[in-house]
Structure formats: C-alpha cells, structure tokens
Amino acid sequence: MREITLSQAVNEAIAEEMRRDPTIVLLGEDVAEAGTPFKILSGLVDEFGPERVVDTPISEPGFTGIAVGAAMTGLRPIVDIMFGDFLFLIMDQLCNQAAKTHYMSGGKLKVPMVVRTNMGATRRSAAQHSQSLHALVAHIPGLKVAMPATAFEAKGLLKTAIRDENPVVIFEDKLSYQEKAPVPEEEYLIALGEACIRREGSDVTLVGTSSMVQVALDAADLLAGEGISAEVIDPRTIAPLDEDTILASARKTSRAIVIDEGHRSYGASAEIAARIAEKAFYWLDAPVQRFAAMDVPIPFSPELEDLTVPTPAAVAEGARRAMRGELFHAP
Amino acid sequence: MEGNRERNADAYLRMYRQMLRIRVFEENAHQLYLSAKMPGLTHLYIGQEAVAVGICDALEPTDRITSTHRGHGHCVAKGAGFRQMFCELLGKSEGFCRGKGGSMHIADQENGNLGANAIVGGSAGIATGAALSAKRLGSGGVAVCFFGDGALGQGLLYECMNIASLWKLPVIYACENNHYGEYTHVSEMASGDLLDRARAFGIETATVDGQNVLEVNEAAEGFVSRARAGQGPFFLLLDTYRFHGHHVGDISREYYRAKEEEELWKSERDPVSNFAKWLRGESVASDDELNRIESEVRREAEDAVEYALAAPYPGSEEVDMHVFAEAG
C-alpha cells in the first residue's frame, strides 16, 4: 500500500469531501494561498477557489462563530484553528453556542461543523503553542473529539467528521504532520467512537492517544524484549469513547496504563483511568497508572520541555512495576 | 392609490397587532413569574416592541434572525405562535425547544429565528454565518442580528462586523439601545459615538427612533432590500427603552435609573399606544377596530397560557435526548 504523510492525508480528506459536497467551506487564517504555516492545505484553493477556501482575518472567535451560524443554515464549515492553544479564544462559540444548539433547540437546529486544530509539545514552541487541550472540549456535552495517531486515522476520521451532523473537534499532533503511514487509495471512513487495537498482548494494556500511541508501541517493544506482552489500544476518539474495547483489554491483561499528552490533572488520562478503575476493578492486579504532560506550562528550553511529556522508557518502567504488583505513581 | 392605501392599512394593522401581541405576551409572562408558575426568570421586552416588529415586518419567513436574552419580542415578531412560546417558557415538552431551552434560548427554526442567546453579543457570529450561508447558497436571504447596547462591549461583534464588511455579507446589525446594559447606563460602558464602531469597518449606518414602528420599518425595508441586492452589511441603531427592569426580579431600580425617567418614556414614548393614537388620527382604524384587535390578542394569550399550564412536562427519557444530532 502507498504511504503518505499525515499532512497529505488531511489534505486528501478535505479535497475528497469538498468534491463530494458543495456545501463544505473551509475557513481559517492563511488557509488559502499559504495553505497554513504547516502547508497542510496547499493546493485546495486552486481546485475549489477562494469562495470555498476562505482566508479569514486573525479573529478566531469571529470566524468560528460565523461557522456556527453557517452550519445552522445549510453549509458544512471546516474551521482551521492554527494552534490548539487558540481554542481558548473560541471557547464561547464552541462550547456555549455550537455544542449546545442542538440540545437547547430541542433537536430542531444542528451544527454540522469541524474544528481542525493541533496539539503536542517538544516542537520548542513554548507555553502558548504547545498545549494539548483536548480534555477541555471533551468535557463539554455536544462536542465530539477525535485524535488521529497516524495518517490513516487522520484521513478516515476527518472524512467521517465532515459528514457528521454535530460539531467535531479534531486534534492533529503537530510533530506528526510529516510522518508517513500506509493509506489506501480507495475511499474509507473511520467511525467516531471505535478504538483500534494497535498491538495485541496479554500482560498489560497500554491505552495511548494521538502521538502517545507511538510512545506506547515503543514501550511495548522494550517490554517484549523482557518477556512482557503489552497490548496497545488507540481510542482514536475520546468523545465518544470506545469504553468496551478498553475495558475488554484491561480485563484480559488485568493491568492498565493510560498515556495522554494533556496535562495530568483532570485530563483525558484521568477520565480513561477512572473508567477502567470503576468498571474493571475486580479484574485488575495492579492500580491503573497514568502518564501525561506534567502540570506545568510547557517550557521553552529543550532540556526542560523534554521532561514534561511521557516517554517510552517511563511507560515501560511503569509496566514493569505493574507486573510486579507494585504501587507506582507516574510523575 | 386607493389600492396602495389599503395595502398600507393592512400593513399598519398587521404591525399594530404584532406589537400588541408582544406587549400582551410579556404581560402574561410577567404574571406567570409573579404567580410563581414560571421556572427561573425572564427579561421583558415591553417598551421595545416597535423595534422587533418594524424590522421583522420587512423580512421574509426564510430570512434569519438571531435574538438576545430579551428575546420574546423578536420571536413573536418573526411569526411564532403563543402556545409553543408559553410552553417553552414553562419548560413543557410542546415548547419550541421541547422545554430544553426556556426563555433565554427560545428559537423558532421554521420562521427563521435561530434563537435567543444568553451570552451578550454571543449571536453576532451566528447571524453573520447565516448571512454567509445565504450568500454562498444564493438563497437571496438576509440575516438580522439583534443585540443591545450592552453587546457593544463584546469583541466578537467587531470581529464579525469586520468580516461581514470584507465579505459583503447580507447582514443587518440591529443595535437596540435601550440605554442600560443590565444595571448600568450606556454612557458608562460605551465610549465615543456608537455609530463610529460600524463606520470604522466601512459599514453604512442609520439611526432611527426605535419607538416609532413606521420609522423603524422604513429604515429596515431599505436596508433589507439593499442587503438582498448585495450591498450589505448595514448597521441600524435604534433608540428605545425597556419599561421594566433588566429582568423580572429587578424591581428597585432607583439606584441606576430615575422613576421620573421611566414615567416619561411610558407616558410620552410608548410605541404601542402612540401607534394606536396615530392609527386613529389617520383614520386607519376606529376605536372599535383597535379594541377588537386587542380583545382578540388577549384571548389568544389567555388561551395559550391556559394551554401551556395544562401541557405535560417532558418525560425523563428526554434528558439525554438531542445531545447529538443523528445522521440524515
């Protein structure tokens, strides 16, 4: 199968959907000729024109709000939020307006829109361009949240999100844009709310999101050399969350570690760990562990920044301790 | 000429009836609050009726509006029926939003009302987005964004006006200056000339007496037809006044607004009674006709209140219904 980058996968997904559905419009800062600073959207304006691939002023709340109104009245906007950190700017439009409109109107109005943004540290971008804020929006009923780990998921999840009748927020890991993965030429969709088992194992379950899937896979490689068999689960979306697949794995291996790049406190790792603890408690041989970003603003200095995110070595050490039945609290 | 005169008379009486419907709706809503039959609280539109009616009469049912926390007037003016409105205010399942929105989120999709909004200025994006849809889909529709002077403090409004002007969207920003944002006078919250805000974006503006429905309607007709022709956006500033407090529980208001000021507006600038006086003076309608309209409206409201009070609440199965829209 051919391999393409995550960036190309996103571009293909949008192009295919825009060809299929003329009501799709793309709104954001420098999405047209510039194709975004990451060059993800390059070429789309040439095919679809500036009426559908629309450069906006630097007004995130404004163009997100406009997308909400457009979605309520017949368009299907894809909003590009250049950095996940800018989500704080659009919180009212996303969480008070988009998320609640369907419910507040008793099901009469709907908001089919996609917010594409990114996440992830270690790009040496400091505290306002490095956050992973998916838990903030996953906390709000009415929003769906997808976290593609590879190009394959990026394309399949985005196409599904564009066709969804609800607001969907997609977090792409900004360090993964140039990572390649096998992606079929033919069309496919990935349902929101379906986890995938990335690696089968029997001793310990590693649940990883976004780029932490790779951290989990690398940890699993380390453990395999020591005779510990790790199963790696990628939830792919955290809202809805495919609890069944996660719980089935935890019950099978009787040990679970959750790895997520959001901050540790009140984060996605906490939610997933809590569900395992609540619903698989009697199957567990060790406490559920969490690995997440430290509860500090992401520092600029590389020496410091690298300390803030989970690593394969740390996850592997957690797994070893879990195998020994030790109480272990990840940093 | 005679035909024109009749058409005008029809329009005048239609607008009079709609203003009266808002007034009577709100009086009943107030009574429901005072008699503890309505959950929560509400923000009455009494005093501002000419704004909603003058503007909405210039719109087609397919045109969109966005409304505010003081939104019953816009909802009535855009064509909503009383029964579904009172049901919504009382949290009943037959309400416009199945009782899940309430007074501050009442919406009427069928008549183009995209909803009241409990965030001040929060619907600026939605209205502007509706105008973007109208333009992209070529529907010929326009959108009106109702907001109060309080929303002039919100940055979202300026972002949206800037974009609407850049993209030449068919949207009319209707600023209802009722002089008070909650409990504070506009002069303490908005610096400079209010119209300069829109002018800065190259948006054409007009100021009208928001207590005079014909003046409002004439200005709205002009802006609406020009917006439809692709000349938007526009900004309409309407000088008006809320006769009641910020919300129904805002009773002691002397600390921010003098009783004399309130009395002056009520006695001199009541949009409903002044229009009735004008209709009689111009021989458009007799006392009998106006009285008949009033008794019809009051009966409609009484019937709707009675209906809503007896209507069922949503069943518990509704609580997690409509969090997400289903496909299709």
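I began with helix 4 and helix 11 of chain B, which are oblique to each other; angles under 35 degrees count as roughly parallel, over 145 as roughly antiparallel, 65 to 115 as roughly perpendicular and the rest as oblique. Helices here are DSSP runs (H or I, at least four residues), as are strands (E, at least two), numbered from the N terminus.

I noted that this is a predicted model, in which local features need pLDDT of at least 70 and side-chain atom pairs count only at pLDDT 80 or more, while totals for chains, interfaces and linings use all residues. Residues are numbered from 1 along each chain as its sequence is written, chains are lettered from A and ligands numbered from 1 in the order in which they are written, and side-chain values use heavy atoms, with hydrogens and water left out.

**Helices 4 and 11, chain B**

I looked up the packing of helix 4 (residues 82-89) on helix 11 (residues 287-310): the angle is about 45 degrees and the axes are 8 Å apart. Axes are lines fitted to C-alpha atoms, for helices over the stretch in contact, and angles run from 0 to 180 degrees between N-to-C directions. On the helix 4 side I listed Phe82(B), Arg83(B), Phe86(B) and Cys87(B). Helix 11 contributes residues including Val297(B), Glu300(B) and Tyr307(B). Contact means heavy atoms within 4.5 Å.

**Helix 3 of chain A, helix 5 of chain B**

I then turned to a pair across two chains. Helix 3 (residues 60-72) of chain A packs on helix 5 (residues 124-137) of chain B at about 55 degrees, with axes 6 Å apart. This pair is therefore also oblique. Among the residues that meet are Gly65(A) and Gly69(A) from helix 3 of chain A, and Gly125(B) and Gly129(B) from helix 5 of chain B.

**Helix 2, chain B**

I checked burial, where buried means under 20% relative accessible area, exposed over 50% and partly exposed in between (1.4 Å probe, protein chains only). Eight of the eight residues of helix 2 (residues 49-56) of chain B are buried, so this helix is largely enclosed by the rest of the structure. Glu49(B) is one of the buried residues.

**Ser130(A)**

I located Ser130(A) in the loop between strand 5 (114-119) and helix 5 (134-138) of chain A. Ser130(A) counts as buried because its relative accessibility is 2%. A polar atom of its side chain lies 2.6 Å from the backbone oxygen of Ala126(A). Beyond four places in sequence, Ser130(A) has contacts including Asp85(A), Lys174(A) and Glu305(A). Gly84(A) is 46 residues away in sequence, yet the C-alpha to C-alpha distance to Ser130(A) is 7.8 Å.

Definitions and conventions
Polar contact = N/O pair within 3.5 Å; in protein donor to acceptor, adjacent residues only side chain to side chain.
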